[in-house]
Amino acid sequence: MKSILLTTTALVAFAGAAAADGHTAITFGGEASAEFNSETGFDTAAEMTASASATLDNGLTASTSFTFETEGYEEVTGDISSGSISLSSDTASLTFGTGIVGAVFTAVGDDYAIGTGDDDVYEDGEIDGVVASVTMGGATVTVSGEVAANAADTEIEGIEVGVTTSAAGWDLGFGMVSDTSEYALTASGTAAGADIGFGMSSDDEWDASIEYPVGAVTVSASTDEAEAWTVGVAYAADGMSAGYELNADETWEITAGYDANGAVLAVAFTDASVMTLGATYDMGNGLTVGAGIEDDENYAFASYDLGGGANAFVDYTDAAAELEEVGPSERDIAVGTTVGVSFAF
């Protein structure tokens, strides 16, 4: 797990000083679960985030937070997975810590493998280091760099610059890595009633998309530098939905759905004769049940809301491997039968 840049002593000193000044807010939040699976046995997991902030006499806000995670039933180990400390105003901020988002990801996302936008290297664009941002005249400029904690070498590496702004109804983003001069830019907006998106990078990548709604029907198309085009049409009204999508490689998918009166149904069929079917039903007393077929694998679940952020559940699948984000509820279901309870604080 990542090491944290803050020490417990610094956190306690900060919280104590803020409390003495009378302008502090300290909050705790998290989640925990305990479950038994017929294939793997007992397991527990917990995550807790502590946050504190204080308004200084000069109007700036100082804040800090850290997240503590633990998992495992037989051998419980805990790690601080991320933590940060920041100083901010209405138009600027400076943050040091772990698990903070880099400038390129902030500006253009992860559609291109540029800097922290490369999701094969940076999960959710997160780095350990420093991020600074300032907003001027409708534009926000973000600068980030990686710094190793507790290391003799304090050089800031991987310096990135990101700029986001809006002009004439368009959202614009630009991200650049200073060390390599790689860059990416994105633009999205509406023209003549159509939603248009465009992006490109210094690696000769680009993509373009358009969606045009006509009443309950939306027609869409997209393409990129590899001519991997997709066209589609979708319908949604009165709880009913349907869609068709065709790709450049001649693959296609037909979808249909229903969402009304507590019942949700989703079905899809592809050119490879693969069908997925999922349904959930909210019984109105806190109990939700669901079942379906995912690539010829069966699953079922029941979830009961105990109130106050607590939930009890039973899952089952006969699949060979864990099913991820299946059905209308996009639920992860482990192999075998799982009985458990989860809490949110």
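This is a predicted model: local features need pLDDT of at least 70, side-chain atom pairs count only at pLDDT 80 or more; totals for chains, interfaces and linings use all residues.
The protein chain exposes about 19,400 Å², and carbon and sulfur atoms supply 56% of that area, where accessible areas come from the Shrake-Rupley method with a 1.4 Å probe and, for residues, only the protein chains shown count as cover. Residues are numbered from 1 along each chain as its sequence is written, and side-chain values use heavy atoms, with hydrogens and water left out.

Of the 345 residues, 26% count as buried, meaning under 20% relative accessible area with a 1.4 Å probe, protein chains only. The chain has two helices and 24 strands, which are DSSP runs numbered from the N terminus (helices H or I, at least four residues; strands E, at least two).

The largest nonpolar core consists of seven residues, V104, A107, V108, Y112, I114, V177 and A184, a nonpolar core being a set of buried Ala, Val, Leu, Ile, Met, Phe, Trp, Tyr and Cys residues joined through side-chain atoms within 4.5 Å. Helix 2, residues 103-108, gives the most to this core, with three residues. Apart from it lies another core, of six residues, including Y299 and L323.

Finally, consider S201, which is found in strand 11, residues 194-201. Is S201 buried or exposed? S201 is buried, with a relative accessible area of 3%. Leaving aside neighbours within four places in sequence, S201 is in contact with Y112, I114, Y183 and A184, contact meaning heavy atoms within 4.5 Å.

Key. Buried means under 20% relative accessible area, exposed over 50%, partly exposed in between (1.4 Å probe, protein chains only).
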